[in-house]
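Let's walk through this one together, question by question. Keep the viewer open and click along as you read.

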Amino acid sequence: MKSSNLSLIAGTVALAAVTGFAALTAPGDTDTAEPKAAPRLPVERSSLLCPSSGRADLAKTTYTSFTPATGAGGGEAGTAELTSSTAGGTADKGGKGSKDDKGDKGKKKEEKTDPTKPVVSLKEPGKPATADVSTADAPALVGTATGRLAPGWTVQQTTTVEAGSRGLLGISCTAPGTDFWFPAASTAKSREDYVHLTNPDDGAAVADIELYGPKGLLKTEAGEGITVPARSGVPVLISTLTSEAIEDVTVHVTTRSGRVGAAVRAADEKTGIDWLPASTAPNGTLVLPGIPADATSVRLVAFAPGSDDADLKIRLVGKTGPFAPLGHEELHVKSRMTASVDLKDITRGEPGSLMLTPTKGGKGTPVVAALRVVRGKGDGQESGYIPASDPVGAQATVADNRAKGSTLSLTAPGATATVEVIASAGSEGGEQTVKTYTVKGGTTLAFEPPVPSGLKGTYALTVRTESGGPVHAARMLSLPQDGVQMFTVQTLVDDRGTVAVPSAVQDLSVLGD
């Protein structure tokens, strides 16, 4: 066999392991037999982006990097590092500064991040690595994992703000992309929402931001052609993109060139700050997992990006089964218009997840959706956001769990499922703990997750689907402070730590001598 053909085969397998896409057709191959399921191999490279924390006094941001030992591939040891972007989060498209920028007197001297050194570096699978950044404006981070540290690599960014627009901000750092939807953003006067764009590449990216209200597309020119310099982060205050003050807005971010990471930092003058992650891709059926049992207000925001209206059934999937909230059993979403409904204290003391399905069955009209959730009352209110998310799939992980304050929610919208929950070793000590849970079909199981024995520091939770139907998952991290129920919710979705690698050639003789 010719060496060039051997190289082609090897190159195809390597390409699939890195990117998830590969194909090879042998010359003269006319076999029409039913293809076998392609074997799955660990990915060899992963990229993640963390947004700038945003301007806030008395803030501390913790980055937690983790790769599951269960998903680690063979081969080289590899690296997993997050480094500072070349530009911080101090500018905005409209030139309007944050309300928290005012008053420099009395501030302690800020730490400076060296962009040439990793902010956090992971050394081994199965044990988290952490780093704290105590600055008023922690920069955006760009990260890459290779070798054994690439499959299932996860980074959690958690910021505690104790002054100004206080709050607990949490987000799972995301892979770069070209298309993002953010229902539940706002241009209201009580809100200050920034879209954070982060460019991981060596060339500039160009992005567009569209805003949709209850009557459709909002007029704006400032959202077009936003340049995000190479390996930099740019925050855009969305209220500067339109003259209309609207409570519920859907933000659509696309790129003309390049890739970006995108997230919305939503700040409310009464209920604090948190990150609003992107909704899963438009779909006729959606699950929004992990509504806290003590939620005092839940607001659903949905958007239909296509040319057809959507009619949705609203169901809360609780611990005993799904039920329709009285008076809000259905929601009509007009094409390319944002729709919302106040579900108030829908959980009534029991945790649950929201499920949206077509009223007439079938696939339905694709929509995106998110929830704005409030805990507490009066001056003790705190808000968080839950986007519609994909299932856990084979495996999903969330990092930065504490000895106390974490709640794991598992929802099986269809058939009963069995999952394995792995509590990793602690960042400073402790041994892994593994437990198995069964989630009955049509129910939500919410509980305090297992904790590593002898835990020191923080740990990661990995959920693996063992059998049954799909499972949607979310983790709530709660850190009450001075009577305020500070919290943040992160959904867990398939980490895509493996890719299908098609068989290159069944009979090498077809390649010739």
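Q: Which residues does Arg299 touch, not counting residues up to four places away in sequence?
A: Keep in mind that this is a predicted model. Start from strand S20 (residues 295-303), where Arg299 lies. Leaving out those close along the chain, Arg299 touches Glu247, Asp248, Ser340, Val341, Asp342, Ala370, Leu371 and Arg372.

Q: Is Arg299 buried or exposed?
A: The cut-off for buried is under 20% relative accessible area. Arg299 has 18%, so it counts as buried.

Q: With which side chain does the side chain of Arg299 make a polar contact?
A: Look for a pair of N or O atoms within 3.5 Å. The side chain of Arg299 has such a polar contact at 3.2 Å, and the partner is the side chain of Ser340.

Q: Is Ser353 buried or exposed?
A: First find Ser353 in strand S25 (residues 352-358). Its relative accessibility is 1%, and buried means under 20%. So Ser353 is buried.

Q: Which residue's backbone nitrogen does the side chain of Ser353 reach?
A: Beyond four places in sequence, Ser353 is in contact with several residues, including Leu288, Pro289, Gly290 and Ile291. The backbone nitrogen that its side chain reaches, at 3.2 Å, belongs to Gly290.

Q: How many residues has the largest nonpolar core?
A: In soluble globular proteins, nonpolar side chains tend to be buried together. Here, Leu300, Leu354, Leu356 and Leu371 have the most contacts inside the largest core. Leu356, for instance, is in contact with Leu286, Leu288 and Leu300, among others. The size of this core is 30 residues.

Q: Which are the edge strands of the open sheet of 4 strands?
A: The order is S28-S35-S30-S32, with antiparallel pairing. An edge strand pairs on one side only. That gives S28 (395-401) and S32 (433-439).

Q: Which residue in S32 is the bridge partner of Val419?
A: Strand S30 (residues 417-423) and S32 pair in the antiparallel sense over 7 bridges. Follow Val419 across to S32 and you land on its bridge partner, Tyr437.

Methods:
Residues are numbered from 1 along each chain as its sequence is written. This is a predicted model: local features need pLDDT of at least 70, side-chain atom pairs count only at pLDDT 80 or more; totals for chains, interfaces and linings use all residues. Side-chain values use heavy atoms; hydrogens and water are left out. Two strands pair if DSSP finds at least two bridges between them. Helices (H or I, at least four residues) and strands (E, at least two) are DSSP runs, numbered from the N terminus. A nonpolar core is a set of buried Ala, Val, Leu, Ile, Met, Phe, Trp, Tyr and Cys residues joined through side-chain atoms within 4.5 Å. Buried means under 20% relative accessible area, exposed over 50%, partly exposed in between (1.4 Å probe, protein chains only). Contact means heavy atoms within 4.5 Å. A polar contact is a pair of N or O atoms within 3.5 Å; within protein, one must be able to donate a hydrogen and the other to accept it, and residues adjacent in sequence count only if both atoms are side-chain atoms.
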